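Hi there,

Here is the structure I promised to pass along.

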Amino acid sequence: MWSYRMYFADSQEHFEYDPWGALGSAATQRSYPYLESLLSFLELDCAQIEHQLHEILTRWECFFSTGEATCADDAMQKMGELAVQHIYFRLPYLQWFAHKTDGTLAPEMKTELLQLLEQLPMYQRQAQTFLTEVLDIDQTGRETQRSMRSRYLFDGPRDPALFCFQTIPVSFGPVGEELCGQILQPDAIRDLIDFSLRECVTSGIPVRRCRNCGRYFPLTGRVTAEYCERPNADRKPCRNTGAVQKWTENRKDDTVFKEYRREYKRHFAWIRAGKLSTEDFAAWSKRAQAKKKDCDDGKLSLDEFKEWLKNS
């Protein structure tokens, strides 16, 4: 009855799902930046997820032992809350919803959730290791397929710490507006991880740690990019703030710059206070930059520059 699909198109990853099996525009659709679902999964607090899964299991055990419908409703509500936290958990929610709707819930299904409790931390570790040892451009270079070939045998990884690829349910068809590509119809969360990692290898998309936040991001554009476009704690992309922070950091011991910056802020504040017009500010800024350059070049002493700023 239910449907859940994932595919890559237009430099994004797309998810379609529906509890009644609808596809295309009839299904709920979610789009994220390329590789975001995997990267955000790796950053989940597994301890918190495990706590939530234990709560869900407790409610299902209540249902299977008593037959109370409210226990099943509570369990589905908790699974829905988990599904809101991350798109991967929408999959088990749909699977259990379908069984509940069909009246086919069975006690042995709890084994799947128990296995998930054990598997999630392992999947995180293995995928993280794969990013570091196979996809990290600063560690292994740009050739993702060559990097993987050197670390994998025909039937699996040389190092058991790496993610082990398996057969996944993939079809081929229209994706996005004009393209065709592979479409995953997963049976388990590991299929989603598998699909994302193999997509990076086959498409030659390496990753890099952002110089601002330290998190991995995919190099879907310039391979020289140093800052990610993922929202940081201020909900702003590091690409917008990282370069400014780096520039400011490099300037923190520059006395000439600090003197110029202090006076710049003071003059700028005069605009807001109505004490200085934007035209006069622009003219002052041009003169101040010229004086700063003279000071940087040794044509003007620091004291002379400070005196000029004070009287300008």
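This is a predicted model: local features need pLDDT of at least 70, side-chain atom pairs count only at pLDDT 80 or more; totals for chains, interfaces and linings use all residues.

The largest pocket holds about 430 Å³ of space. Its lining has 19 residues, and F217, P218, T220, C228 and E229 lie nearest the centre. By type, that lining divides into nine nonpolar, four polar and six charged residues.

The second largest pocket holds about 270 Å³. It is lined by 14 residues, with E112, L116, D187, A188 and I189 the closest to its centre. Helix 4 (90–102), helix 5 (110–135) and helix 8 (189–203) each give two or more residues to this lining, and helix 5 gives the most, with six.

On to the salt bridges, of which the structure holds 15. One of them pairs E36 with R230, with the closest N and O atoms 3.0 Å apart. E36 sits in helix 1 and R230 in the loop between strand 9 and helix 9, so this pair ties together parts that are 194 residues apart in sequence. E36 counts as buried at 17% relative accessibility, and R230 is buried too, at 5%.

R208 and D138 also meet in a salt bridge, at 2.9 Å from N to O. This pair links strand 8, which holds R208, to helix 6, which holds D138, across 70 residues. R208 is buried, at 11% relative accessibility.

Within helix 10, R262 and E259 are three residues apart, so about one helical turn separates them; their side chains form a salt bridge at 2.9 Å, N to O.

Best wishes

Note on methods:
Residues are numbered from 1 along each chain as its sequence is written. Side-chain values use heavy atoms; hydrogens and water are left out. On a 1 Å grid over the protein atoms alone, a cavity is a set of points where a 1.4 Å probe fits but cannot get out, and a pocket is an open set with protein on both sides within 12 Å along at least five of seven lines; lining residues have an atom within 4 Å of a point. Grid points are joined across faces, edges and corners, and a volume is the space filled by probe spheres set on the points. Ala, Val, Leu, Ile, Met, Phe, Trp, Tyr, Cys and Pro count as nonpolar, Asp, Glu, Lys and Arg as charged, and the others, Gly among them, as polar. Helices (H or I, at least four residues) and strands (E, at least two) are DSSP runs, numbered from the N terminus. A salt bridge is a side-chain nitrogen of Lys or Arg within 4 Å of a carboxyl oxygen of Asp or Glu. Buried means under 20% relative accessible area, exposed over 50%, partly exposed in between (1.4 Å probe, protein chains only).
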